[in-house]
Amino acid sequence: MSAHQHVEGHLPHEPEKATLEGRNKVLGFWIFLGAEVVLFGTLFSAFIALRHQVLDGPHPSHLFELPMVFAATMILLTSSLMSVFAVQAMHRNKMKALIGWLFVTIILGLAFLGLEIYEFNTYVSEGHKMNTSAFSSSFYTLVGFHGAHVAFGVLWISLLIAQLFKKGLTVVTAPKIYLSMIYWHFIDVVWVFIFTVVYLMGKVG
Amino acid sequence: MKRILPLLAGMALLLSACGRADLSTLDPQGPVAQKQFDLMKISISIMTLVVVVVFAICVYVLVRFRRRKGDKTIPKQVEGNHKLEIIWTVIPLVLLLILGVPTIQSVFGMATDYSKDKNAIQVKVTSHLYWWEFEYPQYGVTTAQELVVPTGKKISFELVSADVKHAFWIPSIGGKMDTNPGSSNRMYLEFPKEGVYRGKCAELCGPSHALMDFKAKSVSPESFDRWIAAMKAPASMPADPKLAETFRSKCLACHAVGDQGTNGAPNLTGIGGRQTIAGILYNSDVVADPQPEDKTTVENLKEWITDPQKVKPGNQMPSAADNQLTPEEIDGIAKYLAGYKLDY
Amino acid sequence: MATHAAHAHAHAHTHTVKRYKGLMDWLTTVDHKKIGILYLLAGFIFFLVGGLEAILIRIQLMKPMNDFVAADTFNELLTMHGTTMIFLAAMPMLFALMNAVIPLQIGARDVAFPFLNALGFWTFFFGGLLLNISWFTGTVPDAGWTSYVPLAGPTYNGTHGVDYYVIGLQIAGIGTLLGGINFMATIINMRAPGMSFMRMPMFTWAIFITSVLIVFAFPVLTVGLVAIMFDRLFQANFFEVGGGGNGVLWEHIFWVFGHPEVYILILPAFGVISEVVATFARKRLFGYSSMVFAIVLIAFLGFMVWAHHMFTTGLGPVANALFSIATMLIAVPTGVKIFNWLFTLWGGSIKFTTANLFAVGFIPTFVLGGVTGVMLASAPADYQYHDSYFVVAHFHYVIVGGLILGIFAGLHYWWPKMFGRMLNEGLGKLTFWTFFTGFHLTFFVQHFLGLLGMPRRVWTYLPNQGFETMNLISSIGAFLMGIGTIVFVVNVIIAWAKPRNAAADAWEDGRTLEWSIPSPPPEYNFKQIPLVRGLDAWWKEKMDGKTAMTPAEPLGPIHMPSPSILPLIMSIGLFIAGFGFMYQNHWVAAGGILVTFVCMFLRSVYDDHGFHIDPEEEEVQA
């Protein structure tokens, strides 16, 4: 591994894997996501163990408003699709399209966050607070951890857009874009599980 | 193998000679502890065999193949040996099978539920910081610190904690079970012989975890019936009405005797006949084998009532000063309690 | 080592990188060898702290009803002893060996993520510091290293003690997780040409599997600590029975992490022993492929046996039976390893260096710890052993008799490679014999104390229970272990004063790549990345009559990552935030987090172009 390539506009086919640093980053990030799977797996386990301990708080079947949660799900799924387009644009070395798709991705991410904050606010006003019951504690921790991941992703991708403007698409910036996109998919997958386990199962039983 | 067997038998003998009969797991006093001890013996025998084989090979190798001074030879680089590797995979598997089968048998055997058995004595054990409450729901009787059970019957325990997690353990009668807050566990024990056995808390529960001892006393079924009757009898209060009033207002706010007071703190009915005060201060005038440092029940009671924190740090009992008890009152209460014995 | 840095220059490259000397060099280093030394230094200091706590515990238990320390102080001591030894002493010392050796063993110039490596060290260090600051603020964790709720919950533990445990471990845990990811990626991606997975040295294999365990076990602890922290700080109800919570859930979470943690500790020791025994018997490791298989199997089974720590919790006979059998099965691959070591020695030419003494001392000792493990696996018998001194004896046999003997073997073995100086063999052997004898004296009798009815974690015990003599013996043994440790420190100090003259192949019988380069290695490790032609790559070349490895690349300038102060500052940010959370000062918490985020921002925005070293020029200048 000798010098970096700084040549603009002349990128290899998969710029994120062109250097050893890039390959390390991609591999390391997949391993990190493995750890994240365990993290969310544990949060899910705790939630499933405690979800019937509602005590005096509002019952999930009354609390959850499926239409809103469904809208949030759709928004996040769409943003995940946008991030696929972003990576495709990157592979075709189309800077403008890449930035455009990234931009749409974070706008949708922000919309999701907005809905979630609104949702949490409504719940708190209905008496479903962090300290209400074991159900509420594990609910806010699980869904809140996911929300924090979305928020971090939005900040991260925004920073990468700024870097794209400044540095262009290089073998240094490409792996970062690629990683943020895997991360975004991962958050999306976690949400699908939250939607099923927390909201659908909460509505049913 | 033939040479090892007597060695093992000798070791088992040596082990079983160890420790107090009322405390040691190696000198079981009941069928549950006996079954556990049998499992221990199987596993110790197998494991001793393994250890002997490994040690023998180890010593042989280290002596036989040590490098002589100036030795520059390169030993043959052996990749492995499939036959050997299969042997030391299969033999341990067989050994584990020998241990595994009785393990599973006893796991299910010991989990037998006697809570619906009419002949079994039901005892609800509630652990507190740092004392034990024993409730007999069949009889409507509650006692503390000293579990009284009849011999020859299954004692079916329901275990729960009132505060933090503790563990209920009478080593010479049977293994332990945790008392969890909020959910109860079940276990059973049997006491074939009359006697007093030492019980311990086995789960870290705070400063006085080490001192959270209790006693299990097994008596004949007739004696047990008399004890139940005595427990249900009306309380015998102090003769002196002034002292009785002090006792009622200062002590019975948390404690109970007979039909008086509440069970927020250890039940004191018949405390004068118990082996210990606070589970750890042995009463020289009660125990069968008093030690030189043991004091009388009255002295122990006075020590405890005066400054409980000194005896059991972190416990909930207020000191005599906090309770505004005069030395005379302490003396009177101690004497009254020491004389409070049940006839059974 | 700093001299390399001083002469480094940006050869044929426009970026200039500031290189530091002295203290700043150590605070900014991203060199795995220096990070290894930092881990060793910090880990060993924590080892001394934890050892001191152990000595105080043993003084208190020397006689019945002793009042050397108060009951609550004793609980603080036992909690901090366990937590310190496992998270702040044993694991960092393992990370020290990993950092010092792994890149060298696989023929790499550094780890995959040098910056993260430094970050991992500093987060561990500040996490450990935070935990130990509790001694000075007066509220020390006192609910045991397992922190069972409700004893560790807000209702029964109102002071900040357990907060130190929760937040200290959370911060230190970040470092461990980063280390696990880093070494996994390093071992997968950075092996020298020709080094296939089945040509990796056994230590590398052990660290690879350990890293996998870290990656999959530590997030569980993270969640558990978050839950207990939310309970304590935000009145959440994860484990509060009154709020619908469940204390047994904490036990599950803790042990789902905690049991793999045991293997995170012991597998590296297995790796060390495999290297040391093979080297000093001048023989290749017997049954290499079955060793690899055994280690993978142990790791796999390690995830499915957690409930054997909870046999008395009341999980019911079905769970207890399944976990009994699963636990017993681990004995099979472990036995395979034991016999493979013995047969590595068989027919060899065994040299009893200090390192090898520790290694061959490890084998029987670990067997004793292993067989008591099988005994504990039998659930009905465990109802008697559980939470008694029998368990204390068992896990000290595994952790001290296994891991610490392994670490000592590794330190004596790789010391010349890490520092370029040989440790004194006489003092080393004295260390071994005092420590080894002291160890068995301390812990062998504890098996019997447990069987005689002595519960663990007891501050004191009543007289006339048959505990007196064995407790006294145990305490005397602890002092002997302390003396052994002091002899080791003396040995290190003496070695420090000697010239740095260790040979490249310091033990002459080295088998793996680290012995093919100078002791200590240059900053870039390998002038040319070597070509690996088989297992025990360096031994193979030596046997073929060669004096150096065949290079896999031409000579040329070597690209190096730049040093950075950011890892240190990021960790300080987390450290500050930790105090903010604990004392509910949201400004301080936010400020600390902000510091960390700003560092992340800077790291992302300013690219690290690194610098180049020309090894040829270096040699001329030297």
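Tutor: The contact between chains B and C takes 78 residues from chain B and 76 residues from chain C. This is a predicted model, in which local features need pLDDT of at least 70 and side-chain atom pairs count only at pLDDT 80 or more, while totals for chains, interfaces and linings use all residues. Residues are numbered from 1 along each chain as its sequence is written, and chains are lettered from A and ligands numbered from 1 in the order in which they are written.

Student: What makes two residues count as in contact?

Tutor: Their C-beta atoms, placed from the backbone, must lie within 7 Å.

Student: Which chains share the most contacts?

Tutor: Of the 2 pairs of chains in contact, chains B and C do. Chain A and chain B do not touch, and their nearest C-alpha atoms are 13 Å apart.

Student: How many residues does the contact of chain C with chain A take from each?

Tutor: It takes 37 residues from chain C and 32 residues from chain A. On the chain C side, H7(C) provides the largest share, 10 residues. By class, that side has 23 nonpolar, 13 polar and 1 charged residues.

Student: Why is chain C called as compact as a globular protein of its length?

Tutor: Chain C has 20 helices and 2 strands. Its radius of gyration is 24 Å, close to the 25 Å that the globule rule gives for 622 residues, so the description applies. The radius is taken over C-alpha atoms, and the rule is 2.2 Å times the number of residues to the power 0.38. The C-alpha trace of chain C spans about 75 × 65 × 45 Å along its principal axes.

Student: Why is H12(C) called roughly antiparallel to H14(C)?

Tutor: The axes of helix H12 (residues 354-377) and helix H14 (residues 389-419) of chain C come within 8 Å and cross at roughly 160°. That angle makes H12(C) roughly antiparallel to H14(C), a term for angles over 145 degrees, whereas those under 35 count as roughly parallel, 65 to 115 as roughly perpendicular and the rest as oblique. Axes are lines fitted to C-alpha atoms, for helices over the stretch in contact, and angles run from 0 to 180 degrees between N-to-C directions. By class, the contact of H12(C) with H14(C) has 15 nonpolar, 11 polar and no charged residues.

Student: Where do the domains of chain C lie?

Tutor: Domain 1 covers 1-21 + 569-622 and domain 2 covers 31-554; such bounds come from an automatic or database domain assignment. The C-alpha centres of the two domains of chain C lie 29 Å apart, and their contact takes 13 residues from domain 1 and 17 residues from domain 2. Helix H18 (residues 566-582) of chain C gives the most to the domain 1 side, with 8 residues.

Key. Helices (H or I, at least four residues) and strands (E, at least two) are DSSP runs, numbered from the N terminus. Ala, Val, Leu, Ile, Met, Phe, Trp, Tyr, Cys and Pro count as nonpolar, Asp, Glu, Lys and Arg as charged, and the others, Gly among them, as polar.
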